[in-house]
Structures are given as C-alpha cells and as structure tokens.
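Dear colleague,

Please find the structure below. My notes on it follow.

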Amino acid sequence: MRGFDFLSPASLSAALRAIDGQGKNYKILAGGTNLIPNLRDGAIHPGLVVDLGGIKTLKYIREKDGRMKIGALTTISDLMGSSLIKKRAGLLWDAIQTFAGPLVRNRATVGGNLVDASPAADTAVPLLALNARVKLRSIKGQRTVALNNFFTAYQKTMIRPGEILSEVVFPIPPRRIKHGYFKLGRRNAMAISVVSVAMLLDIKKKICADAAIALGSVAPTPLRIEKAEAVLRGKKVDSGLAKQCGEMAAKNASPINDIRASADYRRTMCAVLVHRMICQSLGIEHSPWHPVKEGF
Amino acid sequence: MSFDKTTHTLVGKSIPQPDSLDKAVGRTLFSDDVRFSGMLWGLALRSPFANARIRRLDVSKARRLAGVRTVLTAKDIPGINRRGNMPGNRDDQPVLMEDRIRAVGDPIALVAADSIEIAEEAISAIKVDYEQFQPVEDPVASLAPDAPLVDEEGNMISELGYDRGDTEKGFAMAAVIVDETYRTQFAEHAYLEPEAGVAWLDAGGVIRIRCGTQWVENFRHIARILGVSHNRVRLESPLVGGGFGGKIFMTIEPLLALLAKATGRPVRMALTREESILSSTKRHPYIMRYKLGADAKGRLIALDADLVADVGAYSDASPIIAWYSIGFLAGPYRCENVTVHSRFALTNNPSGTAMRGVGSAQITFALEGAMESLAEKLGMDPFELRRRNYPSKGESLSTGQPLKNAVFLSETWEAADKALDKALSRNKAEIRNLNQKLLRARGHTSNMTGYGRRHGHLSQAQVSMQLDGSAVVSVGVADIGSGQRLGCQQVAAEILGLPMDKVTLNTSDSQLNPIAGMTAGSRTFLNAAGPVLRAAEPIAKALKKAAAGLLEARTEDIILADGKAFVMGSPSVTVPHAQLVAAAAAAGASLTNLGTLRIEEDLYPGEETAHNAGWLDYTFGGMAAEVAVDPQTGQTTILGLGISHDVGTSVNPQIVIGQCEGGVAQGMGLALTEDCCVKNGKTEAHDFSTYLIPTSLDMPPIEVSILESGEGEGPFGARGIGEPPHNITPSAIANAVSRAIGVRVTSLPITPEKVLVALRTGQWPL
Amino acid sequence: MEVFSVQFRVNGEEVEAEFPAHLTLLQALRELGYFEVKNGCEKGDCGSCTVLLDGLPVNSCLVLAVQVQDKEIITVRSLGSADNLHPLQENFIKHGAIQCGFCTPGMLLSAKALLDKNASPTREEINEGISGNLCRCTGYVKIVDAIKATADQLKTNQKKRRH
C-alpha cells in the first residue's frame with residue numbers, strides 16, 4: 001500500500017469532479033472494510049483514493065412515496081439502528097443482523113458492500129429480492145439501474161469510470177408480503193456466507209401472486225433466480241411446490257469450490273434452504289424433512 | 001503427593017494474575033511495543049514454494065538501495081546455519097535457505113533498512129531463480145520406498161512401537177473387533193499476537209533479543225548460529241500474547257539476532273498475520289488406525305494402534321512428540337495384549353510442532369471414537385464399557401508404568417455428565433426453540449494427559465528476602481497468559497507467609513534467571529513453581545526459627561501468614577517479617593536461596609522396551625457434550641458442554657476454570673471449524689476470515705466441574721491442567737455428533753459437508 | 001512520498017501529525033506511541049486494534065489515518081488508569097477475563113461501547129456485542145461474566161444514586 005494521493009471532498013459534486021477523467025486510476029473509499037486491506041495487501045494500486053466519509057448528504061434512510069431510499073454512505077450499524085428499516089424492510093433487517101461483526105458494521109456501508117460486488121455481499125442478496133435500484137451519479141448526470149443488472153461478473157459492476165453509487169432505492173413491500181432470510185455460514189459471527197437466501201412471497205388467497213428469490217455465494221455474483229420464482233407464481237404453495245422451487249434454484253446456481261465449501265454442497269444447500277425458507281416464511285408444514293439423500 | 005488444604009492461607013484462592021492490571025490499562029509492553037532510537041526494520045524474503053531449489057539468488061540490487069543497512073543470505077551466517085534441535089534429534093532446518101527449499105515460508109534472505117518501505121523495496125529487489133518440484137504432500141506416500149527425499153537422511157524421522165502380551169491371540173479370542181481409521185487436520189495455534197521482537201547489541205558484546213517465546217533456553221541455539229559463546233546471547237521474553245505451543249521452538253529470534261549483529265543497530269521485526277500463518281509451525285495431522293478387541297463382557301483384550309504423522313518439512317519438535325504419542329496410544333485402559341506403532345514422516349507441508357495437548361489430542365479423538373464403536377458393537381453402555389477397563393490407582397498403563405496417584409476416570413465422567421445437565425439448564429430458551437427435527441444426542445469421553453518429565457529433569461528458581469520482609473522470585477519461565485507467573489508468586493507467598501503484593505517476580509530472562517525450562521506440556525506449575533517452593537522453604541524455615549527465638553516458642557509451632565509470624569493458637573502476638581529477616585540474617589541464615597527440582601524416577605518394568613515413554617503423572621478427565629445436527633444442512637450446534645478433571649489440588653480455582661473454558665473453546669475450533677487447508681504445501685487458510693477460531697457467538701454454555709483428589713506432583717498436590725481441557729473436547733463433540741447421525745465421525749473438522757455425506761452414504765468421508 | 005497533515009484528538013489530547021495516505025489509523029496510533037492498540041491481523045478479522053472513533057468501536061486497521069481529521073479517538077488508556085480503574089477493567093481483572101491480554105484493550109472498548117448503548121444487556125447481547133473481538137485464551141466465558149457484573153454494578157449504583 002504505497003504512494004497514492006488522497007482526497008476527502010465535502011460534497012458529492014466535488015467527489016465527482018475529482019474522479020472525472022481519472023480513468024481507472026482511482027478508488028472510492030466508503031467504509032473501507034474491504035478497500036483498505038486490499039490496499040495494504042497490494043492487491044490494488046490506485047493513484048488516487050477519494051474518501052466519501054465527509055459527505056454527510058450520502059448518509060440517510062428515508063421513506064418516500066412508498067419507496068425506501070438509502071444513501072450509499074449509510075453504515076450497516078445505521079441500518080440496524082433504524083426503526084424504519086426494521087418495520088418496513090424486514091428482509092434487509094434480518095439480513096444485516098448476521099453481517100460480519102459489530103466493529104465492521106460500524107464502518108461498512110451499503111454502497112460499499114454493493115460496489116464491492118462480492119457474491120457473498122450480505123446486503124446485496126436481500127436488496128436483489130427487494131427489487132432495489134441503484135443511483136449512479138457522474139459529473140454528466142445520473143442513471144438508475146436495477147441491482148439485478150448492476151452485477152455483471154465476479155466483483156464487477158456496471159459502474160463506469162467517473163460514476164459514484166449514491167443511493168439505493170427499493171419499493172417498500174406491502175405488509176402482507178412475507179419474507180425469509182437465511183445465511184449459512186461456518187461461524188455465528190464474522191462469517192462469510194457459504195450460501196445465503198433472501199425471499200419475498202406475496203400470497204393472495206393461498207395462491208402465490210408474486211415471488212422474489214435471491215441467493216448469495218452460489219454464482220459469480222449475487223443472484224436472482226427467476227426460474228425458481230416462476231415455479232411458485234400463480235400456484236398454491238405447499239411443501240411439494242417449495243421443494244420444486246428449491247430444486248429449480250439449485251439447477252440455476254453455478255457455485256464454485258472454495259475454502260468454505262464445495263460447489264456440490266452449495267448447490268444442494270440452494271435446494272434445501274429455498275425449500276425451507278419458503279415453508280418457514282409461509283408457516284406451512286415442511287415435509288419431507290429428512291437427511292438429503294440425493295443431488296449431493 | 002497428598003496435600004491438606006486446611007493448613008494453608010492462599011492455596012485454593014482465586015487470586016487474580018499479577019499482570020492483569022497492566023494489561024487492563026494498556027500498559028503491558030508486548031513484543032512489538034518497544035522502540036529504540038536508530039532502530040531498523042527487519043524483513044525476510046520467504047519462499048512461495050514448498051519444494052524447490054534455488055538456482056540463483058541475487059541480492060546485489062537490494063544491497064545497493066539507499067537506506068538498506070544489510071542484506072543477509074545463508075552465506076552471511078557467522079556460525080552454524082541450523083536452527084538447532086533437542087539433543088539426538090535431527091538438526092535439519094537451516095536458518096536461511098542454502099539451496100534447497102522444503103516449505104512455503106522458508107526464509108531465504110534478510111533485510112534491515114531504515115524504514116519498512118525501504119525494507120519492502122529491498123525484498124522485492126531480491127531476485128531468486130527457483131527450480132520447482134512437486135511437493136510431497138502425503139505422509140504415507142512419503143514413506144514409500146521410491147518417494148522423493150525431503151531430507152537426505154530419509155523421510156522417516158521417527159519410528160517407535162512396543163508390544164505387550166500377544167495381540168494376535170487377543171484378537172483371536174475377542175467376541176467383537178472394531179477396526180477404524182481416524183484422521184486429523186493441520187491446526188494453527190492462532191495466538192492473537194503475531195511473532196515480533198527486537199534485538200540489539202548491549203555492553204560487553206552481548207546480543208540481546210526481546211521476543212515473545214515460551215522457552216528462553218533457545219538462547220543457546222542463537223549463540224551457535226551467531227558463532228558466539230553462550231554468555232554473549234541474552235534472550236528475554238516479554239509477556240506473550242498467546243503461545244499454545246507455537247512459540248516454544250524459535251520463531252524470529254535468530255533472524256533478529258543476525259540482523260542486529262550484522263548492522264550493530266537495534267532491529268525490529270513484526271510478522272503480518274499472513275506471514276505468521278504461512279511460515280509458522282502447526283499441529284500435526286495424524287492418521288490413526290485403531291483395532292480394538294473385547295470379550296463378551298466388554299473387557300478390552302487386544303489393542304492395535306498404528307499412527308502415521310505428517311511431520312511437515314522439518315523435524316522441529318516431532319521426534320519428541322512422537323515419543324509423547326507412543327505413550328498415549330494405548331490410552332488410559334487396562335489391556336494385556338497391545339501393539340502400538342508410530343511413524344513420523346517428512347513432507348513439504350508446514351512443520352508440525354507442539355500445540356496444546358501435544359501428541360495426545362489427536363489420539364484421544366481416535367481412541368475414544370473407537371471405544372464408542374466397540375460399545376455399540378457389544379450393545380453395551382459406553383460408560384459401562386469404559387468402567388470395566390479403566391485402571392485403578394496402583395495398576396499400570398499398557399506401557400508398564402504404574403499409576404501412582406488417583407485415577408478419577410469414572411468420577412470425572414459422571415461429574416461431566418452432571419455438569420452438562422447444568423450447562424443445558426442455562427440454555428433452556430435455545431433448546432425450547434429448537435426444531436424437533438434436528439438430530440440431537442449426547443456424547444461422552446474420557447481423557448488422560450501427561451505432565452512432567454520422568455527422567456533427567458532439572459529446573460531452578462531463586463527466592464530472595466528483602467530487608468523489609470518482602471521477597472523477589474527469580475525464575476526463567478515465560479508467561480503466556482495462563483498464570484505461570486501467578487503460580488510462582490502464589491506459591492512463594494504461601495510458603496513465606498507473605499501477602500501477594502509483597503512478592504514480586506522477575507522472569508523469562510535467560511541471563512538473569514535460573515532456568516526453569518519451557519512453558520509447555522501442562523508442566524509449568526510443577527516445573528517452575530516447584531523450584532520456587534523449594535527455594536522458599538529453607539528461607540521460611542529460617543524465618544520461623546528466628547520467630548521462635550523472638551516469640552520464645554518452638555519453631556514447629558510458628559506460623560507465617562500475611563507478613564507476620566505468630567505462635568499457633570496465639571495470633572494476637574506477632575512479629576513482622578522485617579524483624580524476622582534481620583534476626584535470621586544475624587543468625588547467619590542465607591536469605592537468598594536457589595531451589596532445584598530434580599526429577600529422576602526409577603524405571604518401571606519394561607520401560608526400555610516402551611522407549612521410556614510416559615510422564616511423571618497424568619491428569620484424568622471426562623467430558624460430555626450435547627449437540628443438535630441439522631440433517632439437511634449438516635450444521636452442528638453445540639447445546640452445552642460439561643467438563644470435569646481431577647486437578648489434584650485446585651491451587652487457584654479461577655485459573656483452573658479459565659484453563660478449562662479456554663481449552664474447550666480451542667477444542668471446539670479443532671472439532672468443528674479450524675483447518676489450515678494445506679494444498680501444495682501451502683496453508684490456504686492464512687487469515688482469520690478463513691482460519692476460523694470460535695467467536696463469542698459460537699460458545700455454548702460450558703459447565704466446569706473440578707474434582708480434587710489431593711494427589712498430584714505439583715506444589716500442594718496440583719496436577720497439570722493447561723492442556724487436558726483442550727485434548728478432550730474434540731472427542732466429546734465427535735462422539736455426540738456420531739451418535740446424533742448414526743455414523744462414526746472419523747476425521748476432523750466435523751464440517752457440515754462431511755456430515756451430509758455421512759448421512760447420505762452411511763460412511764464418514766475421508 | 002506526499003504526507004498529509006491531520007489533526008485529531010486521542011484520549012482527549014490534541015494530536016497534530018503528518019501521515020502518508022496509506023498509513024492506517026492502527027499504524028499511526030502505534031507510531032505515536034499508543035501501543036495499547038494491538039496489531040492482530042490488519043484485515044478487520046480480529047478486533048485487537050479496536051478503538052472508539054467518535055464513540056463507536058471500530059477496527060483501527062480499517063481506517064486510514066488521513067480519515068480522522070477532527071475526530072475523537074479513545075483507546076483503552078483513557079478508559080481508566082491503574083489507580084482509577086473503570087469498572088469494566090476492575091471486573092476483567094477480578095473475574096479472570098484476562099489471560100494473555102492481547103485482545104483485552106479491544107475487548108474492553110467493545111464492552112464499553114456495548115454498555116453505553118445498552119446498560120443492562122443479557123449474556124446473549126454481550127456475546128453479540130463482542131463478537132468482532134476474537135479471544136484465543138478464555139473461551140469468552142469470563143469476559144462475559146465481567147461485562148455482566150459491570151452492568152449489574154452500574155445499575156445498582158444508579159439505583160443507589162436515585163434513592
């Protein structure tokens with residue numbers, strides 16, 4: 001971690017000016033929980049680091065017109081301290097409870113977690129299910145892209161040089177909508193997910209009107225599994241259908257072997273956890289509950 | 001040795017550690033917390049490859065850089081380029097690599113520079129041309145006749161074994177036989193303080209090294225490397241930020257010393273966590289085949305154990321660990337027909353060394369698993385099976401060594417089970433909410449851990465009375481946080497009848513302190529506080545004699561307590577220690593005394609044929625675990641743990657319980673999550689996001705039940721307790737998981753993935 | 001190498017120093033002699049380097065020194081002194097929550113931050129509050145005991161004061 005220039009602009013526009021024309025020679029510093037170790041390791045060598053920490057206007061949680069708007073610099077601890085998130089975005093709330101540990105949560109930001117684009121990013125998975133969009137600002141203007149399109153490849157996003165992710169916005173799910181989140185990790189704290197599942201289920205008169213299912217750590221990016229959602233839509237959800245949905249999720253995952261688990265295990269867990277979380281969020285009898293006999 | 005607690009004032013009291021105050025206010029200066037003016041930064045260039053030859057090494061560019069004060073390679077070592085080993089063991093590890101690389105992290109060159117930035121630049125300016133070879137990764141393959149040689153002397157660094165009775169005949173008579181193979185992983189000590197230290201030249205040409213270590217006696221190895229006499233090297237250990245066996249053999253001490261000697265300037269080194277994990281020693285993986293035979297009544301009549309250990313790249317502590325293990329392989333059971341055999345094989349993996357429960361944690365896991373299988377096959381309660389085979393005091397282990405002190409195996413098993421009930425009662429809420437479909441079971445285990453050497457042991461300490469009646473203890477033992485200094489202080493205070501704050505400690509300096517050996521092997525209370533006791537006793541006697549004169553009483557009626565002397569039964573008339581010291585001095589008594597603990601036991605029958613295996617004494621324990629296993633994810637949740645040991649005498653209950661709780665946490669890590677994941681000789685899990693030690697949220701309720709037989713070899717009848725709680729834990733958890741899933745757990749760690757495979761196939765995967 | 005002038009407060013004292021941009025707060029504090037801030041991993045995985053940054057516990061290895069302009073930093077040194085211990089320090093000592101002591105400075109600050117936020121935490125909440133601070137010696141049991149005892153003590157003191 002040697003020899004880079006450092007700027008700490010007081011406003012977003014100043015930050016945008018600072019990075020304009022810098023090509024790929026700069027890095028944006030938000031919470032720094034990944035960036036700073038990467039700088040130290042020599043994994044990255046930017047010429048310029050622009051710290052957004054001084055931009056107070058990027059730190060907010062607001063409800064407006066049925067939508068939740070979260071400033072990119074909002075920390076995970078800010079989210080945990082927000083009754084608005086707790087009441088109106090239970091899925092995100094559930095997910096952040098297992099985010100690293102308290103120390104990291106005091107620094108890590110929503111924007112940083114998304115731009116980092118790890119397949120295991122703990123906020124990305126619920127936000128994908130919530131149909132979140134991210135606002136990308138540049139000196140030329142702004143564009144809003146669906147989070148579902150935002151992640152393009154392993155640790156790659158649609159962000160172009162000169163752009164800064166300034167806000168995450170998602171429609172607040174109506175109260176009737178059920179949600180479920182589960183993070184399978186090797187420890188109860190400071191764990192990187194082996195597989196994580198987030199889902200929203202809209203059940204009207206026992207029929208699934210809509211479903212959103214997202215998975216973490218099972219593909220190069222956090223992933224919406226639309227084919228699995230389609231299994232549920234328009235149908236009466238019982239354990240059998242939930243199982244089918246889980247199998248479809250597994251089929252559409254493309255996990256890898258790494259130090260935490262094998263690809264096979266992850267694929268199996270897609271099926272198991274999607275099945276289980278559907279049953280759990282809807283309060284339906286989960287059967288069969290037996291040791292996994294196949295597919296692994 | 002039996003001990004009556006009632007006549008003592010400090011023994012049995014939970015006195016806090018003397019160093020806790022400084023630690024709590026952030027005043028303790030650990031290895032990396034001192035600076036000298038003009039201090040240089042030292043860095044090592046280390047091999048990224050596990051098996052390679054250095055074709056060419058060019059340090060010329062690095063040497064020319066401004067601010068670089070020295071660059072050292074193997075050629076620049078003034079003395080002998082070997083790290084040294086215990087007498088008789090292979091001295092196969094160069095300090096700096098000559099041509100052959102045997103492990104990832106092998107140091108090739110050293111740099112000392114004005115700043116870390118310059119040192120880093122110099123390291124990257126060094127050119128090494130490596131010829132790479134396929135690393136030897138498998139210890140079994142390493143022993144094949146055509147295996148590539150890791151060391152010129154051969155890949156097997158130790159082969160041991162002994163026979164008792166007729167094992168073949170034993171198996172022929174057996175009603176049931178169990179034959180299973182168990183495996184354990186490479187484990188990292190994961191002390192929170194990475195290796196760090198400083199070295200400088202002192203007056204009189206003495207090289208001083210201040211570096212956290214468990215063994216200041218390593219100064220002799222450093223002298224040999226530097227080519228100077230022993231009196232020219234002084235190694236001192238500050239308080240150590242965790243050791244667990246990983247700081248017994250030298251870490252960076254010789255590197256620091258070489259740089260300080262070459263530059264004549266103070267030099268500092270501090271490893272990053274990655275460098276620490278990549279270059280440090282580990283717990284050996286063991287492959288253990290256990291064949292057990294029992295008659296229909298559950299009497300163990302044949303035991304055949306075969307152990308292959310992965311030594312890693314250098315012999316390090318392995319020969320001695322091999323010797324420890326051979327003594328444990330037959331376990332704490334009565335069995336007439338025994339064959340045990342072990343082979344320790346070099347590979348290009350990280351070197352194995354001592355780690356808490358050295359040479360026995362792995363064995364407890366395997367043997368106690370096999371005992372469970374035996375009970376199952378017999379259709380017998382596992383406790384009943386063990387009870388029929390536990391030896392009693394006075395009986396002998398399979399080696400032939402008689403057990404001279406209490407053997408509380410049944411007692412600790414039952415106490416652990418009760419303790420588990422208590423632990424579970426503290427976890428009611430979680431248990432109430434558990435999904436009924438989880439697979440729940442309770443598992444138990446027994447354990448025996450040795451402490452203290454039987455032969456040729458010598459350790460010393462010095463106690464000096466001050467003129468005002470206070471005392472100073474000097475003992476060359478390092479404190480790694482588990483109460484080593486406290487033990488010496490508490491013993492001296494007890495014997496001299498002083499309050500704790502009137503005894504100060506002077507420890508872990510190789511030139512100033514009498515040598516008391518390494519802080520390791522659950523031995524330190526015996527081997528460091530033991531000589532302190534012997535040093536203090538004659539002084540106490542002289543003080544009592546002086547008091548007897550002053551109080552006109554018999555010496556044997558004098559009691560020393562709280563800095564005063566009085567006659568038994570008349571505590572109101574006292575004489576303060578200051579006065580006693582003056583009187584004793586006037587009478588010609590020496591008020592500075594060297595205490596020596598020399599241990600030389602008689603040979604037990606058959607000792608030579610068992611390679612003199614065995615310990616001075618053993619600590620016996622039992623443990624019970626209750627787990628819930630998710631049959632769909634394979635995740636194991638520990639609902640509660642109960643642990644019990646007979647500690648002889650619990651001299652400081654808070655320390656004893658703290659050792660149990662901490663040992664259990666480490667054991668949980670070994671059981672469930674910790675694995676170095678060594679591939680191509682490289683530790684893949686080289687940070688704390690991949691090498692997973694338990695967090696606070698992973699801890700179930702733990703209930704500790706301490707039993708006191710009063711029989712132990714340490715001061716006041718204490719037994720060693722540093723390692724036993726760690727040794728026993730993986731076995732208890734594995735036995736519980738095995739019962740929950742109906743498949744014997746035969747390898748560690750117990751990952752969710754392995755559990756699922758086991759549930760699917762009925763076989764624990766390799 | 002370009003350096004940046006940074007002014008901030010450590011334990012109530014004004015500090016003005018020049019740092020290159022790459023220096024972490026952990027490295028900067030240790031260079032300034034705050035050795036009580038421990039370097040355990042430099043990746044935010046262990047919590048040994050915990051300080052309070054404007055009252056919040058953070059890994060100082062995950063903050064650049066140039067980021068702390070005008071900020072308030074608290075290390076364990078200002079929690080209490082040897083003759084005037086903070087109740088947490090007192091209880092850590094008394095309950096045997098300190099073994100090797102390398103995690104202690106960070107652990108104490110996480111505990112302080114927890115009690116500032118939640119004056120009477122349950123054992124579970126304490127475990128959660130210190131879950132970013134690894135300890136390899138104690139198994140956390142006595143640490144939780146000490147924090148719980150402190151919370152109970154502070155509550156009793158408060159009640160006494162009220163009456």
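Across the interface of chain B and chain C, 23 residue pairs are in polar contact (both at pLDDT 80 or more); a polar contact is a pair of N or O atoms within 3.5 Å, where within protein one must be able to donate a hydrogen and the other to accept it, and residues adjacent in sequence count only if both atoms are side-chain atoms. On the side of chain B that touches chain C, helix 17 of chain B gives the largest share, eight residues (helices are DSSP runs of H or I, at least four residues, numbered from the N terminus).

This is a predicted model, in which local features need pLDDT of at least 70, side-chain atom pairs count only at pLDDT 80 or more, and totals for chains, interfaces and linings use all residues. Residues are numbered from 1 along each chain as its sequence is written, chains are lettered from A and ligands numbered from 1 in the order in which they are written, and side-chain values use heavy atoms, with hydrogens and water left out.

The contact (heavy atoms within 4.5 Å) involves 52 residues from chain B and 47 residues from chain C. Between them, the two chains bury about 3,800 Å², with 58% from carbon and sulfur atoms; buried area is the accessible area (1.4 Å probe) that two parts lose on being put together, summed over both.

The interface also holds seven salt bridges, each a side-chain nitrogen of Lys or Arg within 4 Å of a carboxyl oxygen of Asp or Glu. One of them joins C:R30 to B:D33, with the closest N and O atoms 2.8 Å apart.

Yours sincerely

Note on methods: Helices (H or I, at least four residues) and strands (E, at least two) are DSSP runs, numbered from the N terminus.
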